[in-house]
Amino acid sequence: MSNQLRIALWALGAPVSVGLIGLLISAMPLIDSNFFFTWGYYLEVVTTGLLTGVLYSLVALGFVLIFKASGVFNFSQGAMVLFAALFFVGFMDKWGLHPALAFLLTAGVMILLAMLIERVVLRPLVNQPAIILFMATIGITYFLDGLGQTIWGSDVFTLDIGLPKDPMFLMEGTFEGGVMVNQFDIVAAVAAGAMVIVLAFLFQYTRIGRALRAVADDHQAALSVGIPLKTIWAIVWSVAGIVGLVAGVMWGSKLGVQFSLALVALKALPVLILGGFTSVPGAIVGGLIIGAGEKIAEIFFGGYIGGGIEDWFAYMLAMVFLLFRPQGLFGEKIIERV
Amino acid sequence: MSFRKTLTMAALAGVVGAGALAPAPAQAQENGQYMPQMVYRTGPYAPNGIPLANGEGDYLRLLNERDGGINGVPILIEECETAYNTDRGVECYEKMKNGGPTGAAQFSPYSTGITYALIERATADQIPIFSMGYGRADASYGKVFEYVFTAPATYWAGADAAIQYIKAEEGGDLSGKKIALVYHDSAYGKEPIATLEHLAGQEGYNLSLFPVPHPGLEQKSTWLKIGRQVRPDWVIMWGWGVMNQTAIKEAAAVGFPMERFIGNWWAGAEPDVRPAGESAIGYKALQFHGVAHDLKVHQDMKTHLYANGKGLADDESQVGEVLYNRGIVNAVISTEAVRTAMDHFGNKPMTGEQVQWGFENLNLTAERLEALGLTGLMSPLSLSCADHEGGGQARIVQWDGEDWRPASDWIVPNRAGFLSEAYEASAMQYANEKGLTPRDCN
Amino acid sequence: MIYREAGQFKTSYARDGGLYPIRQDRYGLIVLLLVAVFAVPMMSEYWLVTIFLPFLVMAVAALGLNILTGYAGQLSLGTGGFMACGAYAAYKLATAFPDLNIVLVFLGAGLVSALVGILFGIPSLRIKGFYLAVATLAAQFFILWLLNKVPWFVNYSPSGVISAPPRAIFGDIYVTGATATPEAKYLFALAVAALLALAAKNLTRCAIGRSWMAIRDMDIAAEIIGIKPMATKLGAFAISSFYCGIAGAMWAFIYTSSVEANAFEISRSFQVLFMVIIGGLGSILGSFLGAAFIVLLPILLKNAPEMVGLSIPVDVIAHIEFMIFGALIIFFLIVEPHGLARLWQIGKEKLRLWPFPY
């Protein structure tokens, strides 16, 4: 199937399935007379879910970049988000730097970190089984958690880069009370979207991007045509670090910069398996599906079984998808031979 | 690295390690009252744990600097990091329980999980566990929980106080009102549910429950439901850590009025509201102690400790923050229990068993609090063999963007009747499971 | 020289297939067990309660995960969930049947966990590798949520904390509850861990273990030579969860004696995974070495500055501890990716020739 056709199919299918699920839920009041449903509210839930999903995608993106280029399941992405956010907010608060300058400086720190990781961790572990590399990234997680807190302390930092926070009401004419959307979420979604487009360009149209794709396809073939594997890895980790920085700024201004920020990685994992470990568009679509799915499940059905189901629901949803497509929605087909 | 080198290094590490594992006997030779502190200055809850530990530690140091200890017996202070982690807490307990000349005077675990894990051990070791405003609410029933103290208020008493406040604000009638509880989905968060449900039957309000899974980074669905579907008149929150800031932000994002949003005492400190910025203005919190910056005790801290660079907090301005004050209150109650014990047994280091007697005979009158420079920070307390809660009071405070301001008078939780019956029933269930016979308190 | 097996003749097949064909190994193990049974209980309560108990409990959990990940090749992050299952099942059994012997309670807890393990092992028939690892997180989150949500599991206690009732193993030798002495708890945990380790060692040497390893090394090839992937994988999940369940029950009953579901959250699963990988995938000894390493290292790092007389604030120690812990994991992976067990094996080879290597 050609790419255009696929995109068209998704573009058409997504709203249709959202509508169909809405129709199904709108029939719920027939079963339970106390069930609360209006189309305005449903739209609100779906929009909120999608916008949250974009933020999940932002974290998942970092995982995908690294897995694609080096086959490493980088568990430290969450710690990198925290680490970057700590440096960003530290530069701003303790050194009094301008946000833009702090951003650049932090990006520099992340690049340095990427080079260090490549030199100290990845290079000696080359050709080791995937699980060993995975463990090494858990080691990196611990190290970064400790280092970030040693330098900047474990207090909670307020991160305010002047993003709007008030709710906004759309389509007040169509639905009673309108559809409430949080402006902050929209800004965050736009930033994430911009990030993805930039990355897509980087991958598609630059020399480095071509080298990255070559490495992703086949390490050895890439090496043999003269692509410097080590440089590419350092670049990929840098890019993942900068994606982590953007995610850290977004999540940090939502939650305040603190240790718990590292836990956003757990929200990104179901996105990752749903979308496939190797696909950038997969991370985006996965994030949207998980975001909207978990919100719909929690709000409309969570009440029946005690609530608080979001966490495992996301994993269950991803698992059900996996049963039909074991490589994720957009992952490369796994071909096995004896 | 050659194999031999590795082996030598491993052997060396083993030898050094085995030595390091044995806990250093904590200041065993010195004479003094050993008061160990369990703290969590790291990990996900560090923003709350740091001021708590500073307040408690500073007060103990203040006693040493200003008065030369408790009744002239110097205090031996030691901190142990738990990271809010139960197994670490148990390790700290085992390491410190025999410290000093007479062992640990008491432990304040600052974590419901650690408290649960220590109740049996400490009872067997005869060391009081002082779980101030956390842990098991039914431990207030002293006939079963001999070595556990819950003064000045439990979660159940707190839930009752919150409802009393809401009732007063609503003009004395709650029938038909809608109240929502947003809670951390853990042992801690579930504590107030039974009380709130009972009161719902009595007062006629509708209670809806909103569990937030740990750690609570993502609460959009909870608040969409509250703000757009259920639209309760009041929201009570039993939150912890990052969950609080997120909840306040999301509540603002759905336009829920902050004046009708009440957090409990672990959801009502500066680290909870500051990250939310302006959206937190008007947010209320339930406290079992007052808010104050400039009491005599704070001034003493500044002159005796911070002027000499001996204070624990990074900055003098942190003296008097909510959690710092809570650390002080914790240290005041435990040191006054030790003092009570010394008044009875003589001015020498007390054993855990003697401190337990001190707790049970603790009577912090208004005059005593005035003398300690704490008027306004604490309400009077009086504990007994049967009552380990001591009749503490609670009040509602409100965040104005800069500081917490009192928003209500002291509220006396309605302990007679329902609460004390619930304590007894729950404690007796525990006693039955454990095969304990409640002691006689006459 | 030390490990020289010259002069040790095996005269029967049974002896050739014995667990420890080399005499030194046999004697070493016996000495180790004697020390564990007689010398260790003489140590202070601190050692028993905060070092040996968690070590034994976590070693059992690591055995469980090693069976699944190290022998059968199925990466799992649901260990915490299965441990929670065991802990709560043991609590329900012990409170529902107060006269049931604690050994039977533990066995029952293991069986319940095994059933749950089979249930959550089903996706492994289709999903592999890291996808499976993340899918097992579904088990982790779902089980904890369920235990938190259904009051029946905690006998309707309002806070959802379970607290182990006192139980004796025979007569009035209590091994759980407040009246149990640390020595009794330790010896009971030691017995459980030793028996389970023996069982695991033998399991991995018989047909079941061989089919696990075949599936691990290449599942398609294994299927072609007639190993049923479904039975093998689900069997591995069942037995692994059985071990984890017993570890959970030990945690709740012997170690902390009261527990809430959050004690078995995701970080517990990672902790066990560390043990298995640091100790050595596919090695029974490795499970014990890894557990010792991961349980001891943080305590060691925490107490080390005090030892050498430095007084560093506790928070700085904790941060540095994190860094050292992370760095050591990376260091060990680089030096010996096959874990501590492999290091031991190399050591034995060297000792065999020492002091005349050539």
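Before the helix pair, a word on terms: axes are lines fitted to C-alpha atoms, for helices over the stretch in contact, and angles run from 0 to 180 degrees between N-to-C directions. Helices (H or I, at least four residues) and strands (E, at least two) are DSSP runs, numbered from the N terminus. What you see is a predicted model, in which local features need pLDDT of at least 70 and side-chain atom pairs count only at pLDDT 80 or more, while totals for chains, interfaces and linings use all residues. Residues are numbered from 1 along each chain as its sequence is written, and chains are lettered from A, with ligands numbered from 1, in the order in which they are written.

Let me begin within chain C, where helix 4 (residues 79-96) and helix 5 (residues 102-121) pack at an angle of about 135 degrees, their axes being 8 Å apart. That angle makes helix 4 of chain C oblique to helix 5 of chain C, because angles under 35 degrees count as roughly parallel, over 145 as roughly antiparallel, 65 to 115 as roughly perpendicular and the rest as oblique. Among the residues of helix 4 of chain C that meet helix 5 of chain C are Phe82(C), Gly86(C) and Ala90(C), and the residues on the helix 5 side include Val105(C), Gly108(C) and Val112(C); here contact requires C-beta atoms, placed from the backbone, to lie within 7 Å.

Now to the core, a set of buried Ala, Val, Leu, Ile, Met, Phe, Trp, Tyr and Cys residues joined through C-beta atoms within 7 Å, where buried asks for 20 or more other C-beta atoms within 10 Å of a residue's own. The largest nonpolar core has 388 residues, of which Val57(C), Val60(C), Ala90(C) and Met250(C) touch the most other members. Helix 2 of chain A gives the largest share of this core, with 19 residues. Setting aside neighbours within four places in sequence, the contacts of Val60(C) include Val192(C), Tyr243(C) and Met250(C).

Finally, which chains meet chain B? On one side, 39 residues of chain C are in contact with 40 residues of chain B, and helix 12 of chain C gives the most to the chain C side, with 7 residues. On the other, 33 residues of chain A are in contact with 36 residues of chain B, and helix 2 of chain A supplies the largest share of the chain A side, 5 residues.

Terms used: Contact = placed C-beta atoms within 7 Å. Buried ≥ 20, exposed ≤ 12 C-beta atoms within 10 Å, placed from the backbone.
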